[in-house]
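Here is a short report for a first look at this protein. Take the sequence and the structure together, and then read on.

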Amino acid sequence: MKKIIFALLSIFSVVSAADAQKKTSGAIQFETTVDPAAMAAASGFQIPDQMKARMPSAAKSNFELLFTATNASYMPVEDMEDSNGAGGGGGGMGRMMMRFGGGGGNREYYYSFADQKLTEVFDLNDTTYYMPAKLTLSTSGPVGSFRMGGGNAGDTTKAKPVAAPKIEVVKTDATKKIIGFDCKEVIVKSTRSVKILDMDKEVTEETHIWYTNDLGFNFSPNPKMWTEGTVLAIEGKGNSTIAKSIEYRGVSGKDVTPPKKARLITDEEYKIKMENMMKRFRQNRPGGGVQRIGVPGN
């Protein structure tokens, strides 16, 4: 009898170990929703009905987090089939990338868990760059901000300085299940003084971050909106990114490794390039004030 019990325990241990090993790699699908009109309203800007009718409606896009026991990648995808083939060795050929130029376009993020390194990869002026980054909580505001102001229409050379908002981080007792994981809530409150149609106003925006520590690695779909653990949802007024499903399976090392063709660019070099691009944009803009829609940290 003891031998039978011992044999059953041994089989159970082997099955449990195999199951645990399977859960060290897989894919999490995220969905991002952006509603420009709602974002504008959250920032205190009252949109006339005529302008609101011309604004794009809420748009949705899909992203995928691929992870192994040591690395991960997060990027926009258009699902055509299994992202790395039937057996995890397809190198991501089943994935159609949506990458654009201009002001940075959509980004790819690569994570190395052992040394907590984060690498951004993006296209800029027909060149693929990589830039060292880190998970952090942005001090420049919530997930998205919508700013409109007057200013001197003749000044086309310099961007107006924007005062940093007051940031308050509140940990709540709220919990909810997201793709089967118990998640805790952190609320990031951002209060800033803004000029809307030449009027000074105080606007407070809230971003709700839902995270779990059960996956065993640090991650956020927005690296500038992170406090701890694996973030599975970020919810703001008019914008959200939420994990929709998880699948445990084999993932190719190539899919979670930054591309070798990318060129290194420092944060300072990137800022200079962006300032020069904005300067050219303002110089070529036909008259008028300043209109900006931005996502801090992106």
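Start with isoleucine 179. It sits in the loop between β9 (166–178) and β10 (181–196). The model is a predicted one. Isoleucine 179 is not a glycine, yet its phi is positive, at about 40 degrees. Most residues other than glycine have a negative phi.

Asparagine 125 also has a positive phi, of about 55 degrees, and is not a glycine. Its place is the loop between β6 and β7. Is asparagine 125 buried, exposed or partly exposed? Its relative accessible area is 46%, so it counts as partly exposed.

## The chain as a whole

Now step back to the whole chain. The protein chain has four helices and 15 strands. Of its 298 residues, 39% are buried. The chain exposes about 16700 Å², and carbon and sulfur atoms supply 55% of that area.

How much of the contact count comes from residues 24 or more positions apart? Such residues account for 66% of the contacts with a separation of 6 or more.

## Aromatic pairs

The count of aromatic pairs comes to nine. One of them joins tyrosine 111 and phenylalanine 219. The ring centres are 5.5 Å apart, with 70 degrees between the planes. This pair is edge-to-face. Tyrosine 111 lies in strand β5 (residues 108–112), and phenylalanine 219 lies in the loop between β11 (199–212) and β12 (230–236). The two residues are 108 positions apart in sequence, so the pair ties together separate parts of the chain. Tyrosine 111 has a relative accessibility of 4% and counts as buried. Phenylalanine 219 is buried too, with a relative accessible area of 1%.

A further pair is made by phenylalanine 122 and tyrosine 270. Here the centres are 5.3 Å apart and the planes stand at 65 degrees, so this pair is edge-to-face. Phenylalanine 122 belongs to strand β6 (residues 117–124), while tyrosine 270 belongs to helix α4 (residues 267–284). The pair links distant parts of the chain, 148 residues apart. Phenylalanine 122 counts as buried at 0% relative accessibility. Tyrosine 270 counts as buried at 10%.

## A ring cluster and a charge over a ring

Which residues do ring pairs link into a cluster? They are Phe30, Phe63, Tyr74, Tyr111 and Phe219. The pair of tyrosine 111 and phenylalanine 219 has already been described.

Phenylalanine 122 has another neighbour to look at. Arginine 107 lies over the face of its ring, at 4.2 Å from the ring centre.

## Helix α4

Which residues of α4 are buried? Tyr270, Met274, Met277 and Arg282 are buried. They cover an arc of only 135 degrees around the axis, so they lie on the same side of α4. Glu268 and Glu275 are exposed, on the other side of α4.

What do the buried residues of α4 pack against? They pack against β6 and β7 (127–133). The loop between β6 and β7 holds asparagine 125.

Technical notes:
Residues numbered from 1 in each chain as written. Predicted model: local features only at pLDDT ≥ 70, side-chain atom pairs only at ≥ 80, totals over all residues. Heavy atoms only, no water. Buried < 20%, exposed > 50% of the residue type's maximum accessible area, 1.4 Å probe, protein only. Contact = heavy atoms within 4.5 Å. Areas by Shrake-Rupley, 256 points an atom, 1.4 Å probe, with all protein chains shown as cover. Phe/Tyr/Trp six-rings, centres within 6.5 Å; stacked < 30°, edge-to-face > 60°. Lys NZ or Arg CZ within 6 Å of the ring centre and 35° of its normal. Arc of directions from axis to C-beta.
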